[in-house]
Amino acid sequence: MMQTRMMAVASGAVLALGMTACSGGNTTSTANNPGGSTTVQNAAVSKVYKPSTTKGGTLRFGLAGDFDSIDPGDTYYAYSWNFLRNYARTLVVFKSAPGAQGTKLVPDLAKTLGVPTDGAKTWTYKLRDGLKFEDGTPITSTDIKYGVARQLDKDTFPNGPTYFNDFLKDVPTGYSVYKDKNLADLKSIDTPDAKTIVFHLKTAFSGFDYFAQLPATAPVPVAKDTGTKYKEHVVSSGPYMFDTVQVGKKYTLKRNPNYDPKTDPDSGRLALPNNISVELGLNAADVDNRLIAGDLDVDVQGSGVQAAAQGKILNNPALKAKTDSAVSSRTWFSVLNPDVPPLNNIDCRKAVLLAADKTGYQRAYGGATGGDIATSLMPPVVPGHRAIDLYEAKAKPQGDVTAAKAELVKCGQPNGFATNISYRAERPKEKATAESLQQSLAKVGIQLTIKPYPQGDYFKLYAGKPDFTKTNKLGIMVYGWAADWPDGFGFLSQIVDSRTIRPAGNTNLGIKIPAVDAAIDKALATTDATARNAIWGNIDQMVMENAAVLPGVWSKGLLFRPDNLTNVFVNNGFSEYDYTALGTSKK
Amino acid sequence: MSTNTTPQHGDPAVRPGIEGFLQVKDLRVHFPTDDGVVKSVDGLSFNLERGETLGIVGESGSGKSVTSLSIMGLHPPGTAMISGQVVLNGDSLVGASPEHIRKLRGKNMAMIFQDPLSAMHPYYTVGHQIIEAYRIHNHVSKQVARKHAIDMLDRVGIPQPNQRVDDYPHQFSGGMRQRAMIAMALSCDPELLIADEPTTALDVTVQAQILDLIRDLQQEFNSAVIIITHDLGVVAELADDILVMYAGRSVEYATAHEIFTAPQHPYTWGLLGSMPRLDREPTERLKPIQGTPPSLINVPSGCPFHPRCTYAELNGGASETDRPEFVEISPRHFLACHLSEQDRQRVWDNDIKPTL
Amino acid sequence: MLTYIIRRLIAAVVLLVVVSAVVFSIFFLVPRIGGATPDDLASRYVGKSAGAEQIHQTAVKLGFTDPIYAQYGRFAKGIVVGQDYNYGPAVEHCPAPCLGYSFITQNPVLPDLLDRLPVTLSLAAGASVLWLVGGVATGVVSALKRGSLLDRSSMGVALAGVSLPIFFTGLLSLSIFSYGLGWTAPGGANPMDATNPLDWAYTMILPWITLAFLFAASYARLTRAGMLETMNEDYIRTARAKGLRERDVVIRHGLRAALTPILTIFGLDLGLLLGGAILTETTFSLPGLGQYAVQAITNNDLPKVLGVTLLGAVFIIMANLVVDLLYAVVDPRVRTQ
């Protein structure tokens, strides 16, 4: 009796959810909108949907969770780097343009891209004229040097990337701008005049422009720097400045009166809305509901809608027409641990690669919506990507049992072997991956025992700790990696360079190929972009030839674009909607 | 409004020339339950004047309390089937609207209960409860009502009434608490007071005080009093008339003097015989009435007492089949029994009287 | 009475110390049992690509390399005397009681708590009034009309209220009432941003009703049971015998007595809720203490967790004390003890 009552309530609820889904959006899939854009799936992928130059309105962002920090010197999330271009300008920046154009760097505060000298060990930038902070004070090279220098202090700013710490020459140990207040003492960066800044590196690094686009190069006025409290009011160099800041709850931004668009001809920033609001700490499912209802404009997270909303959206043609499949620079893959026998033998590793059911891996990540079957490590959006498919992932996506068995014979395990597979316990997709592999590899006699570990400590204590993986025989480690920026160095260096391997907290879970290490060094020294990118492609090839990883899925996010968004396109530099291009038709 | 003055056979509700203040005629109170109809009161009749006290005596389950609750109209509507007549000062209560009877409660008829600790609300002061009782029927200010409450407490013999009026029921001793309840019941000068086992929960020494109090107050207010009890000693003190009930029926009704000196019903004999006496040898056993009280759903056929009556076989089977009628066997002495006059007299002289 | 209160307050302080010590131990002991070193712990609070050196520095800065009792001592000292914190350009003094600084945001914890408290208070205040009134009224009516269709259906609805999880009812109500019909505020609306009481109520009405639905259910059942019991008591019969109107009998005599255990439970529920209505706040994205607690726990941010836990404990202890005192006020029989 109670159960039927509950069933009635539950199905009533499902019905209600379904009905709101239908009522949530009322454009037909072939409506013609101003600007000549049809509302159709992927309208914002590689092109601009509803192009607009109309200014006005408030663009409403929402985030389930919080930024790690809005202080440009202390943040590491892609969505944060995407968003801060509204209030911070850096030396160079990813162009605000759809498609492959978005992976190109263009000058922002600097007049041109960096000029390398001394074998790419020194990089010089010249600043434009007329640059001002939000209060009207001019932006000088000292402000940029200060911005980079302060975030070298990882005690005060622990969250950001450490590229400058790792590459700048002669940074004193324990350097902090708060201890050594004399900026001139930091010789790694020169400011010969107010419009010139020079960086000196330890070793050659051809891709320094990618460092120059890091938020660290956003200028910070010394007098206004309040250390860990700076995030309560970041001084803006961009088209918007902070209006109200309620840390952890909500930010609002308004136009920066001292931003001169004439000093910003290359970036593609349009600064369409008059105001921007960001709500934090939202419920993830609620964010999706609000997007669909038009109550929110953008999900800052930018990785796509949740599974629940995805089902609703894909089954509703009107809603499906408002989605964009954003290809990201992220690969989901599994590392085959060469320290755990018999995977120390390359043929045994090849057996795994051949036997694995790639469609099962893809299904674990949500099927075709979740991403494309990966045939190699580097995703297609990264320049230098080549089509590499050494194990017939495309031709035989369900695996090749015969070929796998042949490899097993070669490596001396004709009847297969047993090993453990680890994954991050809180991630159901990784669990599904482990289970799928368990099934498909069992067909050739490879017995996998599934071992979940907490994701918070996955790298510090478990899969990222070589001693642990050896003792616990973690032969396969389910993993995933996104580039800090779409470039071979940004994607590969931290996961295939064996020299980054340390006792704990590793991002390279076990790839040790000397030829790869050498190639990385070569790439770092090659200043010609085309040649450099080709080397990254080669490294990808070498990793696959070594059967070091089992590629899974090149991830895609299902983004939802509400009706009042204008000028929408996916920026491949971030694999999210471009947060500096968006406008709103809602006043 | 009964004005029938000719005495009717078996109808003690009417006395020649006098109109009863409270007349109960053939009262029947039945409760339909899932197990059957509980006939708590099955044909009860009596008459009561102001200034007089009626004692209703019987075992637990004989229907005494149900009678009083029925007079007061305290059975939740729909639970009891009440038939017969109850006339209070000309006002017919059976079949009257609940609202009509509610207005009489507390004002014209009041009741005091057996356990004053559970019968008074533990969260309100005694004064508050008396004031509440008073202000239902009298539109006066709180100060006036409070003064009245203190007066009442004084009248019932509670010392320092102006302090005690603000005390809670649990702060009183048993006897004082019962006095306070009496004060509450009498606060509106009711003409009829029903006391349901007023002393059962009290010490013996306090019992006497309470009974004295009730008698004094009756004289002062000229109220009609019904005392319900299972204790013959209590009614011996107080009652003018005694009504003996068994299995929901009246079995004997006479003056108190008569009941104690010349009881006629075997049940009454049993009650008298089962009273512990100080002037007897302590080695003599208590003489309980054999058997147990009957079920009120399945009342024994004929005379309800017959399973326990030592003398039932003297009636040639009538006790098992015929319900004895309640008749007046001598002036102001009513009885429902099949025993013949002679048998009764013989048994009384030989068996009963010597043992009492 | 005064000595009683003082004794309870002393016991409260002892309890808070115990609570804080337990939280502290859990945070440090559990990873240690898993074999974690101070550096391993510190690696939770650094960026993605932090080097071993940076991790070690963080471990030192956050105090993980000190023995546990020293760390706890520092925390206790902070509460009593205050703490100094180097935020970069200068050192600031966090006055007593200082609940420390977040490992993640490096902001002081106590101002965060005080800032979020009004939101949780708003939620608790409105919802509690709704569920108390609604639940008790339903319970009284159900008890009086026991067995009727009204009784059975309201108890059925009550069962639904108790059984349906709030993240389900909450998201559903948001979908229907906020986004579908536009009657109520969307999720994430901050009630303390409201400029007038009407706005404030508008922001909160949906979370109030959803949360109240959950509690009203159990209060209805409690009241019903309590009323069924009290209405059978002798003093109810006495009240009727006095000629009191039935309405007054039910409310002044019946409900008054039945309400005592309900008020007790209400006080306790309110105390618990003030510690953070976690599910409601996360469902409606309300920036209160509950949401704060969830974030703190997810991020392993010990100072925040400690702060929220202690504050919650304070509320629960206070609620217990108030309820015990209130009992003496409500039930005179308790006073003489």
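In which kind of crossing, left-handed or right-handed, does helix 6 of chain C pass helix 8 of chain C? Have a look at the structure: it's a left-handed crossing. Keep in mind that this is a predicted model. Here's a quick tour, starting with those two helices and then moving on to how the chains meet.

**Two helices crossing in chain C**

- Helix 6 of chain C covers residues 149-163, while helix 8 of chain C covers residues 197-230.
- Their axes come within 7 Å and cross at roughly 135°.
- Helix 6 of chain C therefore counts as oblique to helix 8 of chain C.
- On the helix 6 side of chain C, the contact is made by Ser154(C), Met155(C), Ala158(C), Gly161(C) and Val162(C).
- Helix 8 of chain C brings Phe213(C), Leu214(C), Ala216(C), Ala217(C), Ser218(C), Ala220(C) and Arg221(C) to that contact.
- Sort the residues of this contact by class and you get eight nonpolar, three polar and one charged.

**Which chains touch**

- Two pairs of chains are in contact, and chains A and C share the most contacts.
- Chain A and chain B aren't joined by any contact; their closest C-alpha atoms lie 25 Å apart.

**Where chain A meets chain C**

- Here, 48 residues of chain A are in contact with 45 residues of chain C.
- Helix 1 (2-24), helix 6 (284-293) and helix 13 (458-462) of chain A each put at least two residues into the side that touches chain C.
- Helix 1 of chain A gives the largest share of that side, with ten residues.
- That side of chain A splits into 16 nonpolar, 19 polar and 13 charged residues.

Key: Residues numbered from 1 in each chain as written. Chains lettered and ligands numbered in written order. Predicted model: local features only at pLDDT ≥ 70, side-chain atom pairs only at ≥ 80, totals over all residues. Axes fitted to C-alpha atoms, helices over the stretch in contact; angles between N-to-C directions. Helix = DSSP H or I, 4+ residues; strand = E, 2+ residues; numbered from the N terminus. Parallel < 35°, antiparallel > 145°, perpendicular 65-115°, else oblique. Left-handed = near helix turned anticlockwise from the far one by under 90°. Contact = placed C-beta atoms within 7 Å. Nonpolar A, V, L, I, M, F, W, Y, C, P; charged D, E, K, R; others polar.
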